[in-house]
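Hi,

Here is the structure I said I'd pass on to you.

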Amino acid sequence: MDLGIRGKRALVTAASKGLGRGCAEALAAAGVDLVINARGAEALEATAAALRAAYAVDVVAVAADITTDTGRAEVLVAAGAVDILVTNAGGPPPGMWHDWGREDFIRAIDANMLTPIALMTALMPAMIDKGWGRVVNITSQSVKAPIPQLGLSNAARTGLTGYVAGTSRQVAQYGVTINNLLPGIHATDRAVALDGGVVAARGITLEQAQAERAATIPARRYGTAAEFGAACAFLCSQHAGFIVGQNILLDGGATNATI
Ligand code: NAP
């Protein structure tokens with residue numbers, strides 16, 4: 001399917017690896033020029049070089065922490081007026097409810113709620129002026145069904161979800177759509193880190209931890225960054241202009257709910 005977005009320009013944050021990279025790659029495959037970001041310059045430059053070589057699109061790489069004011073400012077200067085924004089950042093650490101104090105919540109809310117809101121606030125005015133824009137926020141299945149050990153993530157991402165529910169309905173009349181993609185378990189470094197916690201707690205191998213987790217997913221496997229990216233690129237396409245304020249699960253059926 002031709003996504004109809006060749007020649008458009010996108011900012012994808014936290015995109016040197018994992019789901020962010022999957023989104024960047026699918027957009028590049030659709031002919032979209034990119035600004036990509038991550039903190040570590042080496043992996044980021046390697047991803048930028050791979051995308052340029054594979055898809056012959058323009059890729060600008062900005063090494064910065066997207067959750068800080070200065071990092072965001074650097075990224076926004078490089079991005080300029082983009083047509084497409086995909087927001088992403090690392091997820092908060094797991095733990096127990098009694099582990100977390102005010103500072104932990106502030107960090108999580110900064111990273112996974114206020115950072116995407118700041119990026120939308122900065123970039124949507126130019127989209128509105130052009131009469132066309134697409135925003136996709138990478139959140140988590142935890143906004144539909146809480147993951148108990150990810151209390152910081154549950155809290156921060158639910159706040160973002162509420163913001164998107166209202167704001168998406170304010171900007172849709174200008175041709176700008178905002179939607180959220182909710183990953184269930186995907187085979188990325190983040191999943192390895194979470195499975196590593198199980199390995200340490202239970203003294204089993206990483207392969208055993210992964211097999212046990214996969215067995216809880218109706219699809220009986222982890223998702224891939226490529227599948228995730230393809231869904232993201234569709235939401236950014238010309239065909240998705242009537243999809244507004246939705247929360248779309250990509251979880252292999254793991255969230256056991258009728259709707
Ligand atoms: P990942 O494989 O660990 O990749 C994270 C990417 O984000 C890397 O490129 C990393 O590069 C970059 N990054 C992290 N913190 C950043 C920051 N502060 N500023 C800029 N870049 C940053 O993670 P993932 O699995 O793709 O997860 C992406 C998001 O989806 C996370 O919020 C995660 O919690 C959520 N999620 C993932 C899953 C899953 O199963 N994978 C499930 C539910 C939710 P640097 O480290 O170099 O900055």
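Below is what turned up, starting with the ligand and moving on to the strands.

A quick word on the ground rules: this is a predicted model, so local features need pLDDT of at least 70 and side-chain atom pairs count only at pLDDT 80 or more, while totals for chains, interfaces and linings use all residues. Residues are numbered from 1 along each chain as its sequence is written, and side-chain values use heavy atoms, with hydrogens and water left out.

So, what sits around the ligand? The shell holds 28 residues, and the closest are Ser16, Leu19, Ala89, His186 and Thr188 (a residue counts as near if one of its heavy atoms lies within 4 Å). By class, that shell has 9 nonpolar, 13 polar and 6 charged residues (Ala, Val, Leu, Ile, Met, Phe, Trp, Tyr, Cys and Pro count as nonpolar, Asp, Glu, Lys and Arg as charged, and the others, Gly among them, as polar). Helix H1 (18–29), strand E2 (33–38) and helix H6 (189–202) each give at least two residues to it; helices (H or I, at least four residues) and strands (E, at least two) are DSSP runs numbered from the N terminus.

Now for the polar contacts (pairs of N or O atoms within 3.5 Å). An N or O atom in the side chain of Ser16 is 2.6 Å from a ligand oxygen, and a polar backbone atom of Leu19 is 2.7 Å from a ligand oxygen. Arg157 brings a polar side-chain atom to 2.9 Å from an oxygen of the ligand. Taken alone, the ligand exposes 880 Å², and the protein buries 89% of that (Shrake-Rupley method, 1.4 Å probe).

On to the strands, which pair if DSSP finds at least two bridges between them. E1 (residues 9–12) runs parallel to E2 over 4 bridges, with Leu11 opposite Val35. The chain goes from E1 through H1 to E2 in a right-handed β-α-β crossover (clockwise from the first strand over the helix to the second, with the strands pointing away from you). E2 also pairs in the parallel sense with E3 (residues 59–63), over 5 bridges, and there Val35 stands opposite Val60.

One last thing: the salt bridges (a side-chain nitrogen of Lys or Arg within 4 Å of a carboxyl oxygen of Asp or Glu) come to 8. One of them joins Asp69 and Arg72, with the closest N and O atoms 2.7 Å apart. Both lie in helix H3 (residues 69–79), 3 residues apart, about one turn of the helix.

Cheers

Terms used:
Polar contact = N/O pair within 3.5 Å; in protein donor to acceptor, adjacent residues only side chain to side chain.
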